[in-house]
Amino acid sequence: MTRRFLIIGGGPAGNTAATVAATLGAEVTLIERDLIGGAAHLLDCVPSKAMIATGAELANLRRAHTMGLRAEGQLDATAVRERVAGIEERLHASVQNLLESQGVRLLAGTATFVDPHSVRVVGPGVDEVVDADVILVATGSRPRIPEWAPLDGDRVLTTRESYPPPQIPEHLCVIGSGVTGVEFTHMFSALGSEVSLVVSRQQVLPLKDPEVAAVLEDEFLNRGVHLLKGARATNIGREGDTVRVECNDGRRVDASHVILAIGSIPNTDGLGLEAAGLVCTDGGYIPINHNCLTDVPHIYAAGDVSGKLPLSSVASMQGRKIAEHLMGEHSRQHRHLDYEKAASAIFTEPEVADVGLAEADAFASGRKIRVTKVPFATNAQALIKGDPRGFVKVISDPATGEVLGGSIVGRGAAELISVIAVAVTNNLKVADIADSLLVHPAMAESLAEAAS
Ligand SMILES: Cc1cc2nc3c(=O)[nH]c(=O)nc-3n(C[C@H](O)[C@H](O)[C@H](O)COP(=O)(O)OP(=O)(O)OC[C@H]3O[C@@H](n4cnc5c(N)ncnc54)[C@H](O)[C@@H]3O)c2cc1C
């Protein structure tokens with residue numbers, strides 16, 4: 001019998017689950033209140049990376065003289081805006097076309113549970129109750145806004161309102177030095193803004209390897225970014241075109257713009273989850289098991305609402321696993337998602353990426369590890385590209401040689417980490433990497449060296 005599968009949310013979790021389930025024979029309806037592609041494609045991941053790519057090209061032009069070239073970098077904010085919008089539109093259209101070609105029924109509107117098996121959808125020209133055998137909640141998250149931050153859509157902004165920018169801020173204060181905060185610091189300093197970064201701890205990226213964070217901090221300081229370490233923003237006031245950020249230790253920043261990057265909250269309010277019998281955690285997330293099933297046996301949750309890793313890549317993988325589980329295709333080996341083995345990257349310059357066991361966590365738990373670190377300073381490709389910053393670090397089991405994790409900071413780290421990610425996921429040994437015949441010249445040669 002065909003299974004009627006209803007999905008709420010068209011981001012990476014929802015649209016991947018829809019495509020895979022439809023391919024496997026489910027009758028799929030997907031409800032999206034905004035645009036298919038989700039916040040990932042339209043508000044967060046893709047536009048931020050598109051802006052960062054523009055900043056990187058600008059930086060390349062400005063240092064072209066180091067390559068023996070004469071070139072001038074000048075920013076055209078309108079063209080940048082059009083480029084970012086064009087990328088979003090292409091991605092939205094390609095996901096929508098794929099879903100339609102797979103026979104997924106797309107309903108534009110906001111969904112609310114009526115009971116555990118049905119959802120009401122209200123949107124332009126739509127007011128309908130849809131019944132289903134199985135439901136997936138994949139409604140994503142939104143930026144956290146503290147009560148002391150008077151957002152105005154003009155100078156006091158969340159990350160979602162800050163691109164494409166109507167103008168490049170003269171002096172930007174970024175509040176929050178996690179992944180999003182450092183990416184926005186990098187993005188706007190590369191585009192020419194003076195940037196102050198409010199760092200609540202003593203290290204940017206407090207959850208990352210301190211050696212990795214140190215490389216990034218040095219880079220920020222070299223670029224003239226003001227780091228306010230150990231400061232918590234407590235108030236934002238505006239006087240004319242100046243925005244004043246006050247911190248708990250008495251320090252303050254007078255900036256032209258402020259961007260809040262202090263985390264996100266799940267979109268679980270207003271969904272009528274109680275009608276479905278679902279109970280959220282204190283933080284508003286929907287608890288799930290290893291198959292992404294909630295406490296209600298026919299309801300799954302995935303992506304940012306599930307409170308696992310808030311990454312687009314993880315959301316898509318959860319969506320795929322759910323579709324396979326739902327259609328009885330999950331019995332092969334390695335079917336369960338292991339969040340500890342998810343690779344992640346930070347698109348600063350230099351890039352930062354890591355996967356698997358972190359050195360600090362191994363020490364904290366008393367686990368014996370072997371750590372090998374190779375700087376890019378002697379890598380031929382790094383020198384050819386004129387960017388020898390950073391290093392690659394491989395963490396392995398000293399007894400078996402199994403690759404347990406790794407961190408990379410340097411040019412192309414986001415791509416390079418894939419090699420370590422494949423090794424970690426498939427329990428490969430350092431010798432498997434070291435014995436591979438790699439390209440020369442390539443940044444990956446340092447990776448092989450760290451694995452030898
Ligand atoms: C600035 C920034 C940069 C990021 N960069 C990266 C990156 O480089 N790499 C990475 O892997 N991750 C990145 N992320 C994280 C990534 O964007 C999220 O993890 C991802 O979007 C989660 O996907 P999702 O499917 O859970 O939700 P979303 O992409 O948020 O999609 C959820 C969808 O559900 C819809 N919806 C919500 N409620 C309802 C309702 N009641 N009815 C109908 N529809 C509804 C929403 O409109 C939305 O379209 C970034 C996040 C931020 C904030």
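Hi everyone. Before we look around, two notes on reading the model. Residues are numbered from 1 along each chain as its sequence is written. The model is predicted, so to speak of local features we need pLDDT of at least 70, side-chain atom pairs count only at pLDDT 80 or more, and totals for chains, interfaces and linings use all residues.

Let's start at the ligand. There are 34 residues around it, and G9, G11, G38, G140 and G303 come nearest. A residue is near a molecule if its C-beta atom, placed from the backbone, lies within 6 Å of it. By class, this shell holds 13 nonpolar, 15 polar and six charged residues. Here Ala, Val, Leu, Ile, Met, Phe, Trp, Tyr, Cys and Pro count as nonpolar, Asp, Glu, Lys and Arg as charged, and the others, Gly among them, as polar. Among the elements that each supply at least two residues of the shell are α1 (12-23), β2 (27-32) and α8 (312-326). Those labels are DSSP runs numbered from the N terminus: helices are H or I with at least four residues, strands are E with at least two.

Now, how do α1 and α8 meet? Their axes are 7 Å apart, and they pack at an angle of about 30 degrees. The axes are lines fitted to C-alpha atoms over the stretch in contact, and angles run from 0 to 180 degrees between N-to-C directions. On the α1 side, the contact includes P12, A13 and G14, and on the α8 side it includes S312, A315 and S316. Contact means that two C-beta atoms, placed from the backbone, lie within 7 Å. Nine nonpolar, six polar and two charged residues make up this contact of α1 with α8.

The largest nonpolar core has 77 residues, and V174, I175, V198, V245, V258 and I417 touch the most other members. Such a core is a set of buried Ala, Val, Leu, Ile, Met, Phe, Trp, Tyr and Cys residues joined through C-beta atoms within 7 Å. Buried means 20 or more other C-beta atoms within 10 Å of a residue's own, exposed means 12 or fewer, and partly exposed is in between, with C-beta atoms placed from the backbone. Helix α11 (residues 413-425) gives the most to this core, namely eight residues. There is also a second, separate core of 48 residues, which includes A26, I36, L278 and I299.

Why is helix α13 (residues 444-451) described as largely enclosed? Seven of its eight residues are buried, so the rest of the structure largely encloses α13. Its cover includes β21 (370-375), β22 (391-396), α11 and α12 (430-434).

For contrast, here is a loop residue. H290 sits between α7 (273-276) and β18 (299-301), and counts as exposed because it has 12 C-beta neighbours inside 10 Å.

Last, the backbone. A cis peptide bond joins E349 and P350, with omega about 5 degrees. Another cis bond runs from H440 to P441, with omega near -5 degrees, and P441 is in the loop between α12 and α13. L205 is not a glycine, yet has a positive phi of about 50 degrees. Is L205 buried or exposed? L205 counts as buried, with 22 C-beta neighbours inside 10 Å. N427 also has a positive phi of about 50 degrees without being a glycine, but N427 is partly exposed, with 13 other C-beta atoms within 10 Å.
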